Amino acid sequence: MHDDSVERVRAALQHQIVHAILGNELVARQHGLRVTDLQTLHLMVLRDDIRTPRQISTATGMPTSTVTKVIDRLEQAGYVRRAPDPSDRRKTRIELIDAAIAPLQSLYGTLDSEFDAVSRQFSTAELDTVARYLDAVSAFYAPTRPSPDTPVHRVAGTGG
């Protein structure tokens, strides 16, 4: 791959990230939230396995003290409620309040449809390459990514 292509992809991704963050910040403000609150809520909607403050902290890389403040704001805004964990009452589970989340899901559902229309302009092979690239980039940006000294285990046939 040529350096010009790498620079072009990096610049395009950086622009996309800026637009996504600013767009999400606007949505968050319109719904009385901070962008971190909105993204934490979105993470919980996407992943059923994230329902405790510790799980949120692990998934996001935020300190538990920050997670507590995020949950406080989400609870105060009516998007979540704290409940004792039925399997261990010493733990707190975070429950989503579906009726409060519905307007956000409707908004993002419309955006998903528009995103899908753009994606349909590309072949399956092109989308597979984009998906593989974005998976790699997501791993790069993940808050719990391995240190540069950690050996990378590549899977045969994945181009890595």
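Predicted model: local features only at pLDDT ≥ 70, side-chain atom pairs only at ≥ 80, totals over all residues.
Let's start with one side chain: isoleucine 21 counts as partly exposed, at 47% relative accessibility.

**The chain as a whole**

- Six helices and two strands make up the secondary structure of the chain.
- Reading from the N terminus, the order of the elements is α-α-α-α-β-β-α-α.
- The chain has 160 residues, of which 21% count as buried.
- Among the contacts in the chain with a separation of 6 or more, 42% are between residues 24 or more positions apart.

**The nonpolar core**

- In soluble globular proteins, nonpolar side chains tend to be buried together.
- Here the largest nonpolar core has 21 residues, and the members that touch the most others are Leu38, Leu41, Ile56, Leu74, Tyr79 and Val80.
- At least two residues of this core come from each of helix H1 (3-30), helix H2 (35-46), helix H4 (64-76), strand E2 (88-96) and helix H5 (98-119).
- Leucine 74 is worth a click in your viewer: apart from neighbours within four places in sequence, leucine 74 is in contact with Leu33, Asp37, Leu41, Tyr79 and Val80.

**Helix H2 against H1**

- Two packed helices are described by the angle between their axes and the distance between the axes.
- For H1 and H2, the axes are 8 Å apart and the angle is about 95 degrees.
- That angle makes H1 roughly perpendicular to H2.
- Isoleucine 21 returns here: H1 brings Ile21, Asn24, Glu25, Val27 and Ala28 to the contact, while H2 brings Val35, Leu38 and Gln39.
- By class, the contact of H1 with H2 has five nonpolar residues, two polar and one charged.

**Helix H2 against H4**

- The axes of H2 and H4 cross at roughly 85 degrees and come within 10 Å.
- H2 and H4 are therefore roughly perpendicular to each other.
- On the H2 side the contact is made by Thr36, Asp37, Thr40 and Leu41, and on the H4 side by Val70, Arg73 and Leu74.
- These residues of H2 and H4 divide into three nonpolar, two polar and two charged.

**Helix H2 against H5**

- H2 and H5 have axes that come within 12 Å and cross at roughly 85 degrees.
- Leu38, Leu41 and Val45 of H2 meet Ile101, Leu104, Gln105 and Tyr108 of H5.
- The contact of H2 with H5 has six nonpolar residues, one polar and no charged.

**Salt bridges**

- Side chains of opposite charge can pair when their charged atoms come close.
- The count of salt bridges comes to eight.
- One of them joins aspartate 37 and arginine 73, whose closest N and O atoms are 2.9 Å apart.
- This pair links distant parts of the chain, with aspartate 37 in helix H2 and arginine 73 in helix H4, 36 residues apart.
- Aspartate 37 has a relative accessible area of 1%, so this residue is buried.
- Arginine 73, with a relative accessible area of 23%, is partly exposed.
- Arginine 82 and aspartate 72 also meet through their side chains in a salt bridge, at 2.6 Å from N to O.
- Because arginine 82 lies in strand E1 (residues 80-85) and aspartate 72 in helix H4, the pair ties together parts that are ten residues apart in sequence.
- Arginine 82 counts as partly exposed at 31% relative accessibility, and aspartate 72 is partly exposed with a relative accessible area of 36%.
- A network of salt bridges links Asp72, Glu75 and Arg82.
- Another salt bridge pairs aspartate 49 with arginine 47, with 2.7 Å between the closest N and O atoms.
- Aspartate 49 is partly exposed at a relative accessible area of 45%, and arginine 47 is partly exposed at 36%.

Notes: Residues numbered from 1 in each chain as written. Heavy atoms only, no water. Core = buried A, V, L, I, M, F, W, Y, C linked by side-chain atoms within 4.5 Å. Buried < 20%, exposed > 50% of the residue type's maximum accessible area, 1.4 Å probe, protein only. Helix = DSSP H or I, 4+ residues; strand = E, 2+ residues; numbered from the N terminus. Contact = heavy atoms within 4.5 Å. Axes fitted to C-alpha atoms, helices over the stretch in contact; angles between N-to-C directions. Parallel < 35°, antiparallel > 145°, perpendicular 65-115°, else oblique. Nonpolar A, V, L, I, M, F, W, Y, C, P; charged D, E, K, R; others polar. Salt bridge = Lys/Arg side-chain N within 4 Å of Asp/Glu carboxyl O.
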